[in-house]
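I opened a notebook on this structure. My entries follow the order in which I looked things up.

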Amino acid sequence: MALDSGKPKFKYIGTRPNRPDGLDKVTGRARYGADISAPGMLHGAILRSPHAHAKILKIDASKALALKGVKAVVTRADFADGLSGEDWNIQENCMAGEKALYDGHAVAAVAATSALIARDAIKLIDVDYEPLPHVTDVDAAMAEGAPVIRDGAADYSVPEGLHPNVVRYFESGRGDLDEGFAKADLVLKRHYTTEAAHQGYIEPHACLAQLGADGKGELWCCTQGHWYVRQMCAAALGLEVSQLKVTPSEIGGGFGGKTTVFIDPVALALSRKAGGKPVKLVMSRSEVLRATGPTASASMDIKMGMTKDGKITAASGTYRMQGGAFPGAPVDETTVLAFANYNIEHVHHVGYDVMSNRPKQAAYRAPGAPMAAFGTESIIDEMATQLGLDPLEIRLKNAVKEGVRATYGPKFPAVGLIETLEAAQSHDNYAVPLGPNQGRGVASGFWLNWGGDTSASVAISEDGTVAVTVGTPDIGGSRASMALMAAEAFGIPYENVRVHIGDTASLGINEPTHGSRATYASGLAVIQSAKECIQKLSKRAAEAWGIDPDAVIWEDGFARPSGPNAGEFEPMSIAEIAGNMSSSGGPISGHFEASPETYGGSFGTHVVDVEVDPETGRTTVLRYLVVQDAGKAIHPSYVEGQFQGGAAQGIGWALNEEYIYGEDGRLQNPIFLDYRVPVASDLPMIDTVIVEVPNPGHPYGVRGVGETGITPPLPAIANAIAAATGVRFTKLPLTPPRVLAGIKAAKNA
Amino acid sequence: MTDKMHVKLNVNGEDHEFLAEPRELLIYALREKLNLTGPHVGCETTHCGACTVTLDGKSVKSCTVFVAQANGAEITTIEGIGNPDNLHVLQEAFREHHGLQCGFCTPGMITRATKLLEENPNPTEEDVRFGMAGNICRCTGYQNIVKSVLAAASELNGAKEAAQ
């Protein structure tokens, strides 16, 4: 078939049509998590711990239950017993058991006839707490004498003698560090820290749940992955997985934070307790910030050796990652990716997963990679400055390419780091002259990408149009990408394809829209499903013509005889074959199920110019360039959108965003006033260059693009500020007070 | 529970009357009583702008207005700005210029932008960035939102010139 012969020429791929769900979203018709209601619906509210760490001695809900309109109260006693591992972690995080483990930890929940009554009712629940000593800082949590969050949580990997809050240990490397550092002309050691940042999706978590005493339930919710939600909820409530059907609503952003559950099991428990009435549960913003999963905070020691012409001879890193009151901080990703951009012979990484009295961290766009990049790309920049070398040249000198063995083990297939560096070097932005108090920073970043469980279905309709069903919620325009790939495969107009997100009963299991996998993995599944349809369509034409199916080719939406030898027949359109479906053998559809492992990693390079006000320490981003390898951009506007969105989030993390805990262990900035994400006036236009080094593992060359874009901004901004001020900052975020203090300290030194 | 009060609103050109607790917020009255789920709730503290509506001619965050305060007001929500058969120029521009990714902030963005272009029919990029600074988008980096608003402004101005 044409798909497999040589380099594909595209008719639809690479165009920029309007997205299929655009009309719904510009008119307010699209239905997000909180927009769905049901007859007889109750409203839920959750009571949360005001303590960072406390024993729960007693919960008395009698006053709440006496309030008119209150139909049910649940506590941990209403969830399943006997869970272990991550199932227990998730259940415990959704509803505290013996202890409240962080400020905002759920301790009880109410269902009532209105949201206002439910909120009134939670205030009437009396909880006896015995406050315990707490710790929220990663270094403090590892130190001798730190309060123990939970004994016995450490896994087999942790060496003896470490604090019980260290729950996972990860070490990898190669070569001989001493030998590598001995070859260096310059060796630098630095300590870096990054604070926890929140994904900041504008839609708070919301769901509508219904669960009967018979164990059959339905859940509508905003999620990146409804099969994950189904499994987690079933475990938390002791249900058979198949008895629960989960349907995803439209989703108002996720960035990794909606790949797990926080309120869904609680809503199901409330519904069961209230006799099976549907319960809507919606988080407030402060609940989102206090009690969902921000990313980990990090404390890192980096050492690097370099020759005077810029060749990295050795690198080592120690990464302490704080992931809240449960195991799961992304130590493996951080360590694996730390030096992955570069061909380094002698390299060593150590990672610690550390618990503290903070909410359970969740994935956030390239989990762990931005912190790792902050360390690596900052120290390289400082060494480049000391050696008088160009920062892009130094990266080109060490960049990995096809065939190089990665610092994390395998040999790289075709990758595009060098191409992004060269494109950045030749871009106009790299030559713009800078004024006083201005500086330019560059940094590169990488994300591995992911395949994972994938199941899709393509059905031919009676009129020859096509219904595509995928299991990855559309979070940023992926319906358009799926439709483009299906249109390309079939050779039919984009408008003739409609893409649906299937519920958990309509497809095999699917991993979420995470790991930059949707366009790659669901896209691959759609193409393979379309191929299966095309085979069946071609066979119907062959049967109608009375020729061998192998003598039929598929081109531009038509079955044709493969040549004069096959016979002289008028081409048969998809609509014609579809119109005769019922009389020619029945329905035509195609399916694909697999866990594809041919994902290709995506490298990116960012160049940023900033101006720092020496009077206030305020940083203004003057111009910003993102260059990234997309493999093949299916819908270039949405690829650029991912680049720009990732950069904007990274700029926020670098300059303003941080979780601030008080001495009392309470989160001090749980609203958007103080948790300050970038607004339109904080940002310039973000220039983009799409590099296309095709992924050999995808029929159209696709690489995932969603996550890499947040990896370079942290160091790129810090490097630009260093260039503008002459002061190196190693602690993020670079808020005006912190930058001003650094400038003053340097002046006084 | 407090006594309920009688509230009258004109929303998207239609009169509505209902009972509401004085502490009830306008956004919930719109969403739950009138089933207008286009305006969204993102923060409940006026910062994100997902709930933006036009109230008596001004852009207002309906998450921090009591429905009691809005009694007697004329309100326009995204549903009153245009519909799929008759899109407002801004809705068309957001669609054409990919001014959205997840789309959750979009109704508030467009609602705010309708007023911005009334206040300033010829905005510069900077005017748009500052004029829309009360509406947070976490997906796009604002790039295509700014482009959409600027494109709609030039479209509206072109139509005005053609009419003169």
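**Ground rules.** I am reading a predicted model, where local features need pLDDT of at least 70, side-chain atom pairs count only at pLDDT 80 or more, and totals for chains, interfaces and linings use all residues. Residues are numbered from 1 along each chain as its sequence is written, and chains are lettered from A and ligands numbered from 1 in the order in which they are written.

**Confidence in chain A.** I checked pLDDT first (the predictor's confidence in each residue, from 0 to 100). Chain A averages 97, and 99% of its residues score at least 70. I then went through its elements; helices (H or I, at least four residues) and strands (E, at least two) are DSSP runs, numbered from the N terminus. Strand 5 (residues 106-112) of chain A has the highest mean pLDDT, 99. Helix 10 (residues 331-337) of chain A has the lowest, 94. Residues 1-6 of chain A stay under 50. Where pLDDT is low, the predicted coordinates should not be read in detail.

**Domains of chain A.** I took the bounds from the assignment, which is automatic or from a database. It gives domain 1 (2-30 + 451-594) and domain 2 (414-444 + 600-748) of chain A. Their centres, taken over C-alpha atoms, are 38 Å apart. Next I looked for contacts (C-beta atoms, placed from the backbone, within 7 Å). I found 19 residues of domain 1 of chain A in contact with 19 residues of domain 2 of chain A. On the domain 1 side, helix 14 (478-490) and helix 15 (518-545) of chain A give two or more residues. Helix 15 of chain A gives the most, with five residues.

**A crossing in chain A.** How do helix 17 and helix 18 of chain A cross, and at what angle? The axes of helix 17 (residues 636-655) and helix 18 (residues 713-725) of chain A come within 8 Å and cross at roughly 55°. Axes are lines fitted to C-alpha atoms, for helices over the stretch in contact, and angles run from 0 to 180 degrees between N-to-C directions. Angles under 35 degrees count as roughly parallel, over 145 as roughly antiparallel, 65 to 115 as roughly perpendicular and the rest as oblique. Helix 17 and helix 18 of chain A are therefore oblique to each other. Among the residues that meet are A:Trp653 in helix 17 of chain A and A:Pro713 in helix 18 of chain A.

**Domains of chain B.** I moved to chain B, which is divided into domain 1 (5-81) and domain 2 (89-163). Their centres, over C-alpha atoms, are 22 Å apart. Here 15 residues of domain 1 of chain B contact 13 residues of domain 2 of chain B. Strand 3 (52-55) of chain B brings the largest share of the domain 1 side, three residues.

**A crossing in chain B.** The axes of helix 3 and helix 4 of chain B come within 10 Å and cross at roughly 130°. I noted these two helices of chain B as oblique too. The contact includes B:Phe94 of helix 3 of chain B and B:Ile110 of helix 4 of chain B.

**Between the chains.** Last, I looked at where the chains touch. I found 46 residues of chain B in contact with 44 residues of chain A. Helix 3 (89-96) and helix 4 (106-119) of chain B are among the elements that each supply at least two residues of the chain B side.

Methods: Two residues are in contact if their C-beta atoms, placed from the backbone, lie within 7 Å.
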